[in-house]
Amino acid sequence: MQLIDMFYDEIESAAKRRVPFIIPIGTIEYHARHMSCGTDTMVITGVLRELEKEKEIVVCPPIWYGVASYAVCSPRPGHITVDEDVYAQYIYEIVKSMILGGIQNLYLIPHHQTEAGGLMPMTIACHKAAKKVAMEYMEETRGMGWWGSNDFADYYEKLGSDGDPFSFVKVIPLIGPEAQIKNGGFDHAGQYETSLMMGTWPDHVDLSRCSRNTEWFAQSAKDASEELGRFKVGNTLEWLREMIK
């Protein structure tokens, strides 16, 4: 289900039943000459489109602009970056609204800056926002000292469960560290990411443009294929089935 297509009663029902709500965390970033600048967002929405066919989830509108940085290229059209502190505050405001509204099974899923599951500026911003919202929510609803009260004597028994307030919002990469290895590898605008895009949004890849690529990271893109892309989508879905409850 797409959040923007749902009526209020449907949204309220999904929240009460703890259906997973998912926000694709994306970027608008330079992906060499052969790929769309929306790649990091679109591979998420493309995989979730497939997950929707087999699992009840609510896919929220993507956050398109992110912390792209200028690591991959200098400033240019189609490459937009947001300061990580500003970004964390923006994510915080969105997540806070959703938690206060009764959604307590929320997933933030980035693809950008998730190599080997490492924490990078954009993913750190998401984690920071999620934990800040959880702490504030519990203080506002249970009062200061909530964790130390006897009402939470079973806190460690519930750790990671539905009753754990720090599990209301989870930040998970589109492709986990193990899934990245199983997929064959992880890259930026190279064979692997290009294939993943071909497996989700093939009309946003034009391999004939690879001859214009000069950067090292895009040299392997010419070896990308839809077949590899479909394989990577399958492995990614396997990971998400395990992580999204």
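Contact here means heavy atoms within 4.5 Å. In that sense, Gln 191, Tyr 192, Ser 195, Leu 196 and Met 198 of α6 meet Glu 226, Leu 228, Gly 229, Lys 232 and Val 233 of α7. The model is predicted.

- Strand β1 spans residues 21–25 and strand β3 spans residues 106–110. Five bridges join β1 and β3 in the parallel sense.
- Ile 23 stands opposite Leu 108 of β3.

**α3 with α4**

- Helix α3 covers residues 84–100, and helix α4 covers residues 121–142.
- The two pack at an angle of about 40 degrees, with axes 8 Å apart. α3 is therefore oblique to α4.
- The crossing of α3 past α4 is right-handed.
- On the α3 side, the contact is made by Glu 84, Tyr 87, Ala 88, Gln 89, Ile 91, Tyr 92, Val 95, Lys 96, Ile 99 and Leu 100.
- On the α4 side, the contributors are Pro 121, Met 122, Ala 125, Cys 126, Lys 128, Ala 129, Lys 132, Val 133, Glu 136, Tyr 137 and Glu 140.
- By class, this contact of α3 with α4 has 14 nonpolar, one polar and six charged residues.

**α6 with α7**

- The axes of α6 and helix α7 (residues 226–243) come within 7 Å and cross at roughly 85 degrees.
- Angles of 65 to 115 degrees count as roughly perpendicular, so α6 is roughly perpendicular to α7.
- The α6 contact with α7 has five nonpolar, three polar and two charged residues.

**α2 with α7**

- The axes of α2 and α7 come within 10 Å, crossing at roughly 65 degrees. This makes α2 roughly perpendicular to α7.
- α2 passes α7 in a right-handed crossing.
- From α2, Val 47, Leu 48, Glu 50 and Leu 51 make the contact. From α7, the partners are Val 233, Thr 236, Leu 237, Leu 240 and Arg 241.
- By class, the contact of α2 with α7 has six nonpolar, one polar and two charged residues.
- Val 233 of α7 is listed in the contact with α2 and also in the contact with α6.

**Loop residues**

- Ala 32 sits in the loop between β1 and α2. Its phi is near 60 degrees, a positive value in a residue other than glycine.
- The relative accessible area of Ala 32 is 8%. Buried means under 20%, so Ala 32 is buried.
- Gly 190 lies in the loop between α5 (177–182) and α6 (191–198). Gly 190 counts as buried because its relative accessibility is 0%.
- Leaving aside neighbours within four places in sequence, Gly 190 is in contact with Phe 217, Ser 220 and Ala 221.
- Gly 190 and Ala 32 are 158 residues apart in sequence. In space, C-alpha to C-alpha, Gly 190 and Ala 32 are 9.0 Å apart.
- Ala 116 is in the loop between β3 and α4. Phi of Ala 116 is near 55 degrees, a positive value in a residue other than glycine.
- Ala 116 has 59% relative accessibility and so counts as exposed.

Notes:
Residues are numbered from 1 along each chain as its sequence is written. This is a predicted model: local features need pLDDT of at least 70, side-chain atom pairs count only at pLDDT 80 or more; totals for chains, interfaces and linings use all residues. Side-chain values use heavy atoms; hydrogens and water are left out. Two strands pair if DSSP finds at least two bridges between them. Helices (H or I, at least four residues) and strands (E, at least two) are DSSP runs, numbered from the N terminus. Axes are lines fitted to C-alpha atoms, for helices over the stretch in contact, and angles run from 0 to 180 degrees between N-to-C directions. Angles under 35 degrees count as roughly parallel, over 145 as roughly antiparallel, 65 to 115 as roughly perpendicular and the rest as oblique. A crossing is left-handed if the near helix is turned anticlockwise from the far one by less than a right angle, and right-handed if clockwise. Ala, Val, Leu, Ile, Met, Phe, Trp, Tyr, Cys and Pro count as nonpolar, Asp, Glu, Lys and Arg as charged, and the others, Gly among them, as polar. Buried means under 20% relative accessible area, exposed over 50%, partly exposed in between (1.4 Å probe, protein chains only).
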